[in-house]
Structure formats: C-alpha cells, structure tokens
Amino acid sequence: MYTSTKLPRTSALFLSALLGGMIFTSCASSDRSTNSALPKMAADGVANRASAPASESSISQQAEASPIARSRPQLIKKAAISLTVNSVDKTVDAVSQIINQQQGDLIGLKQQQPKNDNPRYTATIQLRIPENRLEPTLEQLAKLGTVESRNITAEDVGDRLVDFQARLTNLQKTEANLQKIMDRAGSVRDVLSVSQELSNVRQTIEQIDAQLKNLKNQVAYSTITLNLEAAVSSTSPQPALGLQVQETWNNSTHSLSAFSVGLLKLGIWLIVYSPYLLIFVALIYGFTRWRRTHSPRLTQTPESTTSE
C-alpha cells in the first residue's frame, strides 16, 4: 500500500518539474526574442530619422541634378540707349526694319511732337529681342545716330528657376499621390477632403508654373528701351502766300457756313416757340393800351384844352 501510493506522488512531482522547466524555457525564449526585437526597432527608428533629412534634402539634390543648375547663368537682360538723330520719323522706320531682321517685337512706341517748352521732336521705343541677338541689335541701333547714353543691366534668376522647378516637381508628385488616395477613398467625407486638398495643390502648381514660364520668357528675350531726339528744332517753315490766302478763304467760308447754320437753327427755335411769343406780345400790347386808357394824366388833357 505504501509503495503504490508513493509512485503516483513521485510521478506527479516529476510532471510538475517538467512543466515548470518548459514554462521557464518558453519565457526565456520570449525574453530573448523581445530583446532581439528591440535593437531591430531602434535601428528602424534610426533609419526613419535618417530618411527624414534625406527627404528634406531632396529639393537640393534635385536642384543640383537639374539641367538649369548645370547650364550657364540665367540672366534677365535689359538695355537702354539714347540717340540724337537727324529725323525721328526716318529713324523709327529704320528701327522697324532692324526689329524684323533680328526676329524681335515692338512692344511700345511713344512719339512727342515739338512743344514750346521742348521744341525738339522725341520718341521712345520699347523692343523685345532674343537674348543671343542683344549685342548685334544694339550695334545696329547705335549706327542710326549719335549715342548719348547706353547701359545694360542683368539679373541672375538661376536660383529662382531651380527653386520653382523643384517645387513644381514635388507638387506634381503630391498631386499623383493624392489622386491615388482619392481613388481608394471609401466614404464621401474622405473623398471631399482629398478632393479639396487636390484642388489646392493643383492651384499652387498652376501659379508656380506660370511664374516659371514668365521667368524663362524674360531670360529668353531681352528688352531694349530706345530714346530718340531730333538734332535740331522741328519747327515747320512759313507757308507760301498762296497757301496762306487759301487757308484764309477756307476759314472764312467755314465761318460763314457756321453762322448761316446758327441763324437757321435760331429760326427753327423761334418757329417752335412762336405761340408762346405771340401770347407774350399780346399781353404786353394789352397792358400798354390799358395804361393809356386808364391813366389820369391822359384823360385830363383833352378837358383842359377845351376849356381854354
């Protein structure tokens, strides 16, 4: 009896020790897996933090890789030249021919006739010429007269072009990602939210694209402001005697016709208002007769003459 009761108790203790060892082993393995996962998570966090500066520096990398950055400086050139010429009208025609030869455009023309305070004939012309034809055009313009002043200014906009191009590229990527999110959106609220954000991004893209095109256009075409001034006074000579007589005759006939037309208009006005004029004249005439008949001085005069 003693032996039979002792064996089950021993087996029970053995089973308990075995289960405890198994549990301890599983806990140790889970601890080791957890400890091994922690460095991996930390490494992933470091990698994510390292990728953030990389994304922030993507614009600069795109700027370095951009063809605009590797090309020559992007300059907006503006020139101004002042000339003293013999004839402003002939010079304007010559400038038009130069513009056609250099494949440019005339964007402004202002001519000022001689005045008392400024007896010289002047003109201001604004031209737009391809950037590579600026110097030849200035040389041709300088041959039209005497150069009084000449200057050229240039502004480097290469950094602005690179910045606009990088921003435009990133916004286009954002637009593509938002379009994918919008295609996968389920609820109406999510669709409206993504659609609003997509609209804002597209509006910004259009603005930046317009600014980028404007800068590229200013770089591709240079502007020239040409000031022309006549060398001598442009006062016209005294006309001949026959021209003076003819001009006087024309002025007198014009004055006579204008006076006749004025009288005709006055007659029409009098005809239209004639009823009122007749009534007014009748009232004046009746009032005058009434004063004559009822005036005491006029009634006593005949009596005094008969008594005498």
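Is Arg128 counted as buried, partly exposed or exposed, and at what relative accessibility? Arg128 counts as partly exposed, because its relative accessibility is 26%, where buried means under 20% relative accessible area, exposed over 50%, and partly exposed in between (1.4 Å probe, protein chains only). The structure is a predicted model, in which local features need pLDDT of at least 70 and side-chain atom pairs count only at pLDDT 80 or more, while totals for chains, interfaces and linings use all residues. Residues are numbered from 1 along each chain as its sequence is written, and side-chain values use heavy atoms, with hydrogens and water left out.

The chain contains 10 helices and five strands, these being DSSP runs numbered from the N terminus (helices H or I, at least four residues; strands E, at least two). Of its 308 residues, 18% count as buried. The accessible surface of the chain amounts to about 22,900 Å², and 59% of it belongs to carbon and sulfur atoms; accessible areas come from the Shrake-Rupley method with a 1.4 Å probe, and for residues only the protein chains shown count as cover. Among contacts (heavy atoms within 4.5 Å) between residues at least 6 apart in sequence, 76% join residues at least 24 apart.

A search of the whole structure finds eight salt bridges, each defined as a side-chain nitrogen of Lys or Arg within 4 Å of a carboxyl oxygen of Asp or Glu. One of them joins Lys77 to Glu131, with the closest N and O atoms 3.2 Å apart. Lys77 belongs to strand S1 (residues 75-85) and Glu131 to the loop between strand S3 (122-130) and helix H5 (134-142), so this pair ties together parts that are 54 residues apart in sequence. Lys77 is partly exposed at 23% relative accessibility, whereas Glu131, with a relative accessible area of 17%, is buried.

Arg128 itself forms a salt bridge with Asp105, in which the closest N and O atoms are 2.9 Å apart. Because Asp105 lies in strand S2 and Arg128 in strand S3, the pair ties together parts that are 23 residues apart in sequence. Asp105 is partly exposed, with a relative accessible area of 34%. A further salt bridge is found between Arg150 and Glu139, with the closest N and O atoms 3.6 Å apart; Arg150 lies in strand S4 (residues 146-156) and Glu139 in helix H5, so the parts tied together are 11 residues apart in sequence. Through salt bridges that share partners, Glu135, Glu139 and Arg150 are joined into one network.

Gln102 is located in the loop between helix H4 (88-101) and strand S2 (105-112), and counts as buried because its relative accessibility is 7%. Neighbours within four places in sequence being left aside, Gln102 is in contact with Ile129, Pro130, Arg133, Pro136, Thr137 and Gln140.

On the surface, a nonpolar patch is formed by Phe259, Leu263, Leu264, Leu266, Ile268, Trp269, Leu270, Val272, Tyr273, Tyr276 and Leu277, which together have about 1,200 Å² of accessible area. The elements giving two or more residues to this patch are helix H8 (241-272) and helix H9 (274-294), and H8 gives the most, with eight residues. Patches are made of residues with over 30% relative accessible area and no salt bridge, like charges being joined within 9 Å and nonpolar side chains (Val, Leu, Ile, Met, Phe, Trp, Tyr) within 5 Å. Leu277 is found in helix H9 and counts as partly exposed, at 40% relative accessibility.
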